[in-house]
Amino acid sequence: MTLAPVDWVAALGRAALDLCRTIGAVALFALEGLSHVLRPPFQPRLFLRAFLEVAYFSLPVVGLTAVFTGMVLALQSYSGFSRFGAEGAVANVVVLSITRELGPVLAGLMVSGRIGAAFAAEIGTMRVTDQIDALTTLSTDPMKYLVAPRLLAATLAMPLLVIVADVLGVMGGYLIGTFKLGFSGPGYLKATFDFLQVMDVVSGLAKAAVFGFVVALMGTWCGYTSRGGAQGVGAATTTAVVASSILILALDYVLTEAFFAR
Amino acid sequence: MTPRIRLRELRKSFGPKTVLDGVDLDVMPGRSMVILGGSGSGKSVTIKCILGLIEADSGLIEINGRDVLAMSAREREEVLDHTGMLFQNGALFDSLPVWENVCFKLLAQKRITRAQARDKAAEALAGVGLDASVGALSPAELSGGMQKRVALARAIASEPRIIFFDEPTTGLDPIMGAVIDGLIVDCVRRLGATAVTITHDMASARRIGDDAAMIHKGRIIWTGAAATLGETGNAMVDQFARGEREGPITMELRK
């Protein structure tokens with residue numbers, strides 16, 4: 001069966017309207033979640049549990065990612081720069097790439113896979129097993145109980161994770177630079193810190209906070225709106241990871257423009 | 001006497017599908033009302049509308065003579081604060097031990113400390129025939145019957161004035177079903193509460209209910225004494241109560 005041009009236009013229009021509706025729903029959800037972050041009563045126990053989950057239990061995966069990224073970056077930049085005699089810039093490239101971009105982006109993607117999926121699966125399961133309705137009947141606002149602590153925890157935990165990722169990423173570059181590429185240890189570190197500016201680190205941490213918020217927002221929203229049993233929860237989990245990963249990459253560009261565009 | 005719950009012309013649709021098509025129902029104080037009806041007849045949606053879990057499209061919902069739909073969110077919260085609900089599958093919180101589940105509302109409202117909550121939970125668990133040691137377990141470690149009992153303990157721990165039971169015996173063997181029914185009757189009497197139960201289980205309906213109502217295609221088609229179920233003179237209700245294949249209610253195949 002072939003579709004007439006008008007059907008294509010109608011389908012496109014429906015898709016555009018659906019997209020607008022979804023963006024509006026997520027925005028309202030985010031605003032409501034934020035309003036609960038700011039309004040008492042607060043949920044310190046739930047916040048601490050979520051903070052521990054995001055910050056502490058994500059450390060191994062974020063740390064390993066950062067170390068190997070720093071190592072690969074040192075190797076690649078050395079082999080590239082050696083073509084025009086600029087091997088000395090390896091330390092500078094590694095530290096700038098890690099602090100400005102790769103630290104926050106890769107940590108964000110790793111946390112998206114770990115935490116975004118976990119939030120969506122947990123809240124989605126609660127949705128399809130009536131636990132969210134049960135919260136309401138027990139005089140507890142699900143947004144305050146489930147969403148607000150996770151939004152706050154991920155937003156605060158991500159910059160801490162990225163500080164660790166920055167340190168480990170630079171360390172990975174240092175290891176390759178000194179043990180494999182023949183740089184002196186003090187010389188590599190001097191080149192690293194001489195070139196680094198406060199804004200490089202701060203911009204990375206600001207990105208991390210935004211990415212943490214996005215991961216928690218998409219995880220909680222997809223879980224909260226999931227329907228239809230195990231299949232619905234699975235779909236919500238996949239959507240949370242895919243959407244937050246794409247948003248991280250898109251927002252990375254927007255934030256880079258905001259921080260560094262001249 | 002003012003009904004504890006009064007519904008008039010309650011309507012709710014999901015897209016093109018009309019689920020509630022003008023429900024009228026009175027539940028008197030201290031009475032136990034059982035709402036019967038087939039799958040998809042609108043039983044669960046009715047109580048979810050009363051509890052504010054689903055927004056009704058139109059109609060009147062009064063609790064203690066006050067129009068719930070016309071209230072502010074805060075006023076509605078205050079009214080609904082005096083209600084309890086036992087969900088069909090228990091809906092216990094997996095991440096919390098049983099004692100925290102039981103005292104969840106009291107802890108959330110800071111009416112008791114965590115230390116007091118353990119004692120209160122033990123007391124509530126004893127009320128539903130469970131040992132205090134169950135309090136330390138996680139919901140996943142409990143059998144279906146025990147989960148139902150814990151959910152019942154949670155529903156009544158805050159001593160609500162109105163309690164809703166959503167298919168309390170579904171998934172239980174007949175003996176455990178009778179045990180749960182007995183506990184529900186005892187708890188409701190002890191609290192002097194008003195109860196609304198939705199069920200397909202006729203034995204359970206007769207055990208729990210003082211009054212009964214039948215909902216069919218989104219409308220209440222009969223109300224009367226629960227004891228008369230099966231001999232009401234209403235062909236639809238009697239067919240349903242006796243579980244007969246032949247009669248005015250026919251199975252509709254969805255296209």
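Predicted model: local features only at pLDDT ≥ 70, side-chain atom pairs only at ≥ 80, totals over all residues.
1. Overall form of chain A. Chain A contains nine helices and zero strands, so its order along the sequence reads α-α-α-α-α-α-α-α-α. Along the principal axes, the C-alpha atoms of this chain fill a box of roughly 65 × 55 × 35 Å. Of the 262 residues in chain A, 44% are buried. Among contacts in chain A with a separation of 6 or more, 88% are between residues 24 or more positions apart.

2. Helix H4 of chain A. This helix spans residues 90–128 and has a kink of about 55 degrees, centred on A:Ile98. H4(A) is mostly covered, with 30 of its 39 residues buried. A:Asp130, which follows H4(A), has a positive phi, near 70 degrees.

3. The largest nonpolar core. This core has 143 residues, and those with the most contacts inside it are A:Ala107, A:Ala154, A:Leu161 and B:Val102. H4(A) gives the most to the core, with 19 residues. The core also draws at least three residues from each of domain 1 and domain 2 of chain B. In soluble globular proteins, nonpolar side chains tend to be buried together.

4. Surroundings of A:Leu161. Leaving aside residues up to four places away in sequence, A:Leu161 touches A:Ala55, A:Ser58, A:Leu59, A:Val62, A:Ala107, A:Val111 and A:Ala208. Both A:Leu161 and A:Ala107 are listed among the core residues with the most contacts inside the core.

5. Contact between the chains. Chain A contributes 10 residues to the contact and chain B contributes 14 residues. On the side of chain A that touches chain B, there are two nonpolar, six polar and two charged residues.

6. Domains of chain B. Domain 1 of chain B comprises 1–82 + 162–255, and domain 2 comprises 92–159. Their C-alpha centres lie 26 Å apart.

7. B:Met33 in strand S3. B:Met33 lies in strand S3 (residues 32–36) of chain B. This residue is classed as buried because 24 other C-beta atoms lie within 10 Å, where the cut-off is 20 or more. Not counting residues up to four places away in sequence, B:Met33 touches B:Val27, B:Ala195, B:Val196, B:Gly209, B:Asp211 and B:Ala213. B:Thr83 is 50 residues from B:Met33 along the chain, and their C-alpha atoms are separated by 15 Å.

8. Helix H9 of chain B. The buried residues of this helix (residues 235–242) are B:Val237, B:Phe240 and B:Ala241. They lie on the same side of H9(B) because they cover an arc of only 95 degrees around the axis. B:Ala235 and B:Arg242 are exposed on the other side of H9(B). The buried residues of H9(B) pack against S3, helix H8 (202–208), strand S9 (211–216) and strand S10 (219–225) of chain B. Just after H9(B), B:Gly243 has a positive phi of about 65 degrees.

9. Backbone points to check. Most residues other than glycine have a negative phi, and most peptide bonds are trans. A:Pro40 and A:Pro41 are joined by a cis peptide bond, with omega of about 0 degrees. A:Pro41 lies in the loop between helix H1 (5–38) and helix H2 (44–56) of chain A. A:Ser139 is not a glycine, yet its phi is positive, at about 60 degrees. This serine lies in the loop between helix H5 (131–137) and helix H6 (142–179) of chain A. A:Ser139 is partly exposed, since 18 other C-beta atoms lie within 10 Å. In chain B, B:Glu159 also has a positive phi, near 55 degrees. The loop that holds B:Glu159 runs between helix H6 (144–156) and strand S7 (162–166) of chain B. B:Glu159 counts as partly exposed because it has 14 C-beta neighbours inside 10 Å.

Definitions and conventions. Residues numbered from 1 in each chain as written. Chains lettered and ligands numbered in written order. Contact = placed C-beta atoms within 7 Å. Nonpolar A, V, L, I, M, F, W, Y, C, P; charged D, E, K, R; others polar. Bend = angle between axes of the 7 residues up to and from the residue. Helix = DSSP H or I, 4+ residues; strand = E, 2+ residues; numbered from the N terminus. Buried ≥ 20, exposed ≤ 12 C-beta atoms within 10 Å, placed from the backbone. Domains from an automatic or database assignment. Arc of directions from axis to C-beta. Core = buried A, V, L, I, M, F, W, Y, C linked by C-beta atoms within 7 Å.
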